[in-house]
Amino acid sequence: MLPVQKETTVPDNLSELIEELVLANRILSNEGVLDGFGHVSVRHPSDPGRYLLSRARAPLMVEPDDILEYTLDSEPVKRSSARPYSERVIHGCIYQARSDVIAVCHNHAPAVLPFCVAGKTIVPVFHVGATIGEQTPFWDQADEFGDTNLLVTKPEEGQSLARALGKHSVVLMRRHGATVVGGGLKELVSRSIFLCQNAEYLMHAYRLGTPTPLRPGEVKLAGGVNVMPTVVSRTWEYWVHRLEAAGDWPLPANAPDAASAKPALAGADKKKRA
């Protein structure tokens, strides 16, 4: 088990954290973790009994004005006409169960789905893969709830998922996807991307023979290094640059907050998208 460590670089300012959450959505989409579905949240910086999550929108399109505030019961703090994600209970229930968790991502990444379909766990097989932890437990919705539409929409379903996650950093969901947690958004983004890379390498290794996972001591040592603030800031800078190169950051000129939007990265290029 790899404990989640809180980043020392979590923004205290709400507007900065919202911008970082927008960036996290767009980075994870640009890196192939999220597509038109999936979602990312972060615990409120000054009220641990609340969390921030976008309205129901494709992650690559999320903007600051899309971010809504919820109680840990996944009820909106303010009334809004915006349609929320139906699976927001995933986030609220995990925050209720894990006071150490600061950020959550639910995804259906193509690299991870074959393992979820086959019911085969993802084990860490290379150094940055250690960030997923020694084990990735499974949750099968059918075990408790029988036939469903596979969406996690009821509090009891979210609570069941949180129990399966336990103290781990990743839980695989049979025939559905994965849910990943972190001690901050940058750590979460790193873990979500490295989970997918690890899954790809593991799949290739199976074609060559029997993969050898990292030893428990290696997972502990390498995993601790991989979530250090200096490391996650370095990878964050890289992924922000890739997002800018793809033309998806800064926000488009017609976005409501485009005039004031700046990448949450010191020294980042401020050029506007054409």
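**A walk through the predicted model**

Helix 1 is followed by G32, a residue whose phi is positive, near 85°.

A view of the whole chain gives the setting. The protein chain has eight helices and seven strands. It is 274 residues long, and 52% of them are buried. Among the contacts in the chain with a separation of 6 or more, 69% are between residues 24 or more positions apart.

One of the elements that helix 1 packs against is helix 8. Two packed helices are described by the angle between their axes and the distance between the axes. For helix 1 and helix 8 the angle is about 70° and the axes are 10 Å apart. Helix 1 is thus roughly perpendicular to helix 8, since angles of 65 to 115 degrees are given that name. On the side of helix 1, the residues that meet helix 8 are E20, L23, A24, R26, I27 and N30. Their partners in helix 8 are W236, W239, V240, R242 and L243. An α-helix has 3.6 residues a turn, so residues three or four places apart point the same way.

Helix 8 (residues 229-245) also packs with helix 6 (residues 185-208). Here the axes come within 9 Å and cross at roughly 70°. The contact brings L185, K186, E187, V189, S190, I193 and F194 of helix 6 against V232, S233, T235, W236 and W239 of helix 8. W236 and W239 are named in this contact, and both are also named in the contact with helix 1.

Beyond helix 8 lies the segment that contains P250. The peptide bond that joins W249 and P250 is cis, with omega at about 5°.

Strand 1 covers residues 39-43 and includes H39. H39 has a relative accessibility of 3%, and it therefore counts as buried. Its side chain makes a polar contact of 2.8 Å with the side chain of H91. Which residues surround H39, once its neighbours within four places in sequence are left aside? They are L34, L53, Y85, E87, I90, H91, V104, C105 and H106.

The structure has four aromatic pairs. One of them is formed by Y51 and Y70, whose ring centres are 5.4 Å apart with the planes at 25°, so this pair is stacked. The label follows because planes under 30 degrees apart count as stacked. Y51 belongs to strand 2 (residues 50-54) and Y70 to strand 3 (residues 67-71), so the pair ties together parts that are 19 residues apart in sequence. Are these two tyrosines buried or exposed? Y51, at 0% relative accessibility, counts as buried, and Y70, at 1%, counts as buried as well. Ring pairs also bring in Y95, which forms a cluster with Y51 and Y70.

Some loop residues complete the tour. S74 sits in the loop between strand 3 and helix 2 (89-97). Although S74 is not a glycine, its phi is positive, at about 65°. With a relative accessible area of 3%, S74 is buried. R175 likewise has a positive phi, near 60°, in a residue other than glycine. The loop that holds R175 runs between strand 6 (170-173) and strand 7 (177-182). R175 has 36% relative accessibility and so counts as partly exposed.

G133 lies in the loop between helix 3 (113-118) and strand 5 (138-139). At 2% relative accessibility, G133 counts as buried. From G133 to I122 the distance is 9.8 Å, C-alpha to C-alpha, and the two are 11 residues apart in sequence.

Methods: Residues numbered from 1 in each chain as written. Predicted model: local features only at pLDDT ≥ 70, side-chain atom pairs only at ≥ 80, totals over all residues. Heavy atoms only, no water. Phe/Tyr/Trp six-rings, centres within 6.5 Å; stacked < 30°, edge-to-face > 60°. Helix = DSSP H or I, 4+ residues; strand = E, 2+ residues; numbered from the N terminus. Buried < 20%, exposed > 50% of the residue type's maximum accessible area, 1.4 Å probe, protein only. Polar contact = N/O pair within 3.5 Å; in protein donor to acceptor, adjacent residues only side chain to side chain. Contact = heavy atoms within 4.5 Å. Axes fitted to C-alpha atoms, helices over the stretch in contact; angles between N-to-C directions. Parallel < 35°, antiparallel > 145°, perpendicular 65-115°, else oblique.
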